[in-house]
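This report goes through selected local features of one protein chain, residue by residue. The sequence and the structure come first.

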Amino acid sequence: MLHQAGVDHVLIDRLAQGLQSSRAGVIHAQTLETLEPLGVTQRLSELALKLQNFAIRDHNRALLKFDFSKLPSRHPY
């Protein structure tokens, strides 16, 4: 996106080449909005398991609960 915007940049990565697997378990709403100009958001959204409620747990006890349906985003999941 920086290149497309005409911004000079240098990308530094310690790996000689990219990994062939994803380490992402979650794609955030803001990330989907950022990716929209690249034309990949619709396909990602079609393939996604969309969660509107999420909790971080310690065994059977919820430590934090999130309601993504209230996000101020076109992607409230």
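## Surroundings of T41

Leaving out residues up to four places away in sequence, T41 touches L32, L35, E36 and H75. T41 itself is placed in helix α2, which covers residues 41–47. A polar atom of the T41 side chain lies 3.1 Å from the backbone nitrogen of E36.

The relative accessible area of T41 is 6%. Since the limit for a buried residue is under 20%, T41 counts as buried. E36, one of the residues that T41 touches, has a relative accessible area of 29% and is partly exposed.

## Model and confidence

The model is predicted. Its protein chain has an average pLDDT of 89, and 96% of the residues score at least 70. In the protein chain, confidence is highest in β2, at a mean of 94, and lowest in β1, at 92.

## Salt bridges

How many salt bridges does a search of the whole structure find? The search finds 4. Among them is the pair E36 and R74, whose closest N and O atoms are 2.6 Å apart. E36 lies in the loop between α1 (29–35) and α2, and R74 in the segment after β2, so this pair ties together parts that are 38 residues apart in sequence. R74 is exposed, at a relative accessible area of 55%, whereas E36 is partly exposed, at 29%.

Another salt bridge joins the side chains of R43 and E46, with an N to O distance of 3.4 Å. Both residues lie in helix α2, 3 residues apart, which is about one turn of the helix. E46 has a relative accessible area of 49%. The limit for an exposed residue is over 50%, so E46 counts as partly exposed. D67 and K70 also form a salt bridge, and their closest N and O atoms are 3.6 Å apart. D67 is partly exposed, at 32% relative accessibility, and K70 is exposed, at 67%.

## Nonpolar surface patch

Which residues make the nonpolar surface patch of about 640 Å²? The patch is made by L49, L51, F54, I56, L63, L64 and F66. The elements that give two or more residues to the patch are β1 (53–58) and β2 (61–67). β2 supplies the largest share, 3 residues.

L49, one of the patch residues, is placed in the loop between α2 and β1. L49 has a relative accessible area of 74% and is therefore exposed.

N53 is in strand β1. Its relative accessible area of 58% makes N53 an exposed residue. Leaving aside neighbours within four places in sequence, N53 is in contact with F66 and D67. F66 also belongs to the nonpolar patch, and D67 is the residue that forms a salt bridge with K70. From N53 to F68 the C-alpha to C-alpha distance is 6.0 Å, although the two are 15 residues apart in sequence.

Is H59 buried or exposed? H59 is exposed, with a relative accessible area of 75%. H59 is placed in the loop between β1 and β2, and its phi is near 60°, a positive value in a residue other than glycine. Most residues other than glycine have a negative phi.

## Segment before α1

Q17 is placed in the segment before α1. Q17 is exposed, with a relative accessible area of 66%. The C-alpha atoms of Q17 and H3 are separated by 20 Å, and the two residues are 14 residues apart along the chain.

Notes: Residues are numbered from 1 along each chain as its sequence is written. This is a predicted model: local features need pLDDT of at least 70, side-chain atom pairs count only at pLDDT 80 or more; totals for chains, interfaces and linings use all residues. Side-chain values use heavy atoms; hydrogens and water are left out. Helices (H or I, at least four residues) and strands (E, at least two) are DSSP runs, numbered from the N terminus. Buried means under 20% relative accessible area, exposed over 50%, partly exposed in between (1.4 Å probe, protein chains only). A polar contact is a pair of N or O atoms within 3.5 Å; within protein, one must be able to donate a hydrogen and the other to accept it, and residues adjacent in sequence count only if both atoms are side-chain atoms. Contact means heavy atoms within 4.5 Å. Patches are made of residues with over 30% relative accessible area and no salt bridge: like charges are joined within 9 Å, nonpolar side chains (Val, Leu, Ile, Met, Phe, Trp, Tyr) within 5 Å. Accessible areas come from the Shrake-Rupley method with a 1.4 Å probe; for residues, only the protein chains shown count as cover. pLDDT is the predictor's confidence in each residue, from 0 to 100.
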